[in-house]
Amino acid sequence: MADVRVTYDKTANAAYVYFTDPQVHVYSAHTYPCDPVDVDGMINLDFDELGRLIGIEVLAAGSKLPKYLLQSAERLDTEGA
């Protein structure tokens with residue numbers, strides 16, 4: 001089973017789920033924003049230059065992601081530092 005890296009900024013209430021090797025920095029070539037009306041928040045899908053999904057940005061993460069996931073995420077805000 002692979003580990004997935006998740007970062008969370010409680011101040012911004014934003015999380016990012018990475019689907020890339022943590023040792024390799026991959027740049028997003030295309031971002032597909034999901035319709036905020038359909039999900040009651042903003043979710044962005046990031047793809048690399050080959051069209052592979054490399055990550056998901058979740059805004060309003062506190063209401064969109066499970067609490068256990070946010071609690072175990074790498075914190076980016078000063079409260080979690």
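Reply: A pocket, on a 1 Å grid over the protein atoms alone, is an open set of points with protein on both sides within 12 Å along at least five of seven lines. Rolling a probe the size of a water molecule over the atoms shows where empty space is left. This is a predicted model, and its largest pocket holds about 300 Å³ of space.

Me: Which residues lie nearest the centre of the largest pocket, and how many line it?

Reply: The lining has 17 residues, with Tyr18, Phe19, Thr20, Val24 and Ile54 nearest the centre. By class, the lining comprises ten nonpolar, three polar and four charged residues.

Me: Why is strand S2 largely enclosed by the rest of the structure?

Reply: Strand S2 (residues 14–18) is largely enclosed because four of its five residues are buried. It pairs in the antiparallel sense over five bridges with strand S1 (residues 5–9), and S2 also pairs in the antiparallel sense over five bridges with strand S5 (residues 53–59). Tyr16 of S2 stands opposite Thr7 and opposite Glu57 in S5.

Me: How many residues lie between S1 and S2 in their hairpin?

Reply: Four residues lie between them, and Asn13 in the turn has a positive phi of about 55°.

Me: How many residues has the largest nonpolar core?

Reply: In soluble globular proteins, nonpolar side chains tend to be buried together. Here the largest nonpolar core has twelve residues, including Val6, Tyr8, Ala15, Val17 and Leu70. S1, S2 and helix H3 (67–72) each give two or more residues to this core. Beyond its neighbours within four places in sequence, Tyr8 is in contact with residues including Ala15, Ala61, Leu70 and Ala73.

Technical notes. Residues are numbered from 1 along each chain as its sequence is written. This is a predicted model: local features need pLDDT of at least 70, side-chain atom pairs count only at pLDDT 80 or more; totals for chains, interfaces and linings use all residues. Side-chain values use heavy atoms; hydrogens and water are left out. On a 1 Å grid over the protein atoms alone, a cavity is a set of points where a 1.4 Å probe fits but cannot get out, and a pocket is an open set with protein on both sides within 12 Å along at least five of seven lines; lining residues have an atom within 4 Å of a point. Grid points are joined across faces, edges and corners, and a volume is the space filled by probe spheres set on the points. Ala, Val, Leu, Ile, Met, Phe, Trp, Tyr, Cys and Pro count as nonpolar, Asp, Glu, Lys and Arg as charged, and the others, Gly among them, as polar. Buried means under 20% relative accessible area, exposed over 50%, partly exposed in between (1.4 Å probe, protein chains only). Two strands pair if DSSP finds at least two bridges between them. A nonpolar core is a set of buried Ala, Val, Leu, Ile, Met, Phe, Trp, Tyr and Cys residues joined through side-chain atoms within 4.5 Å. Contact means heavy atoms within 4.5 Å.
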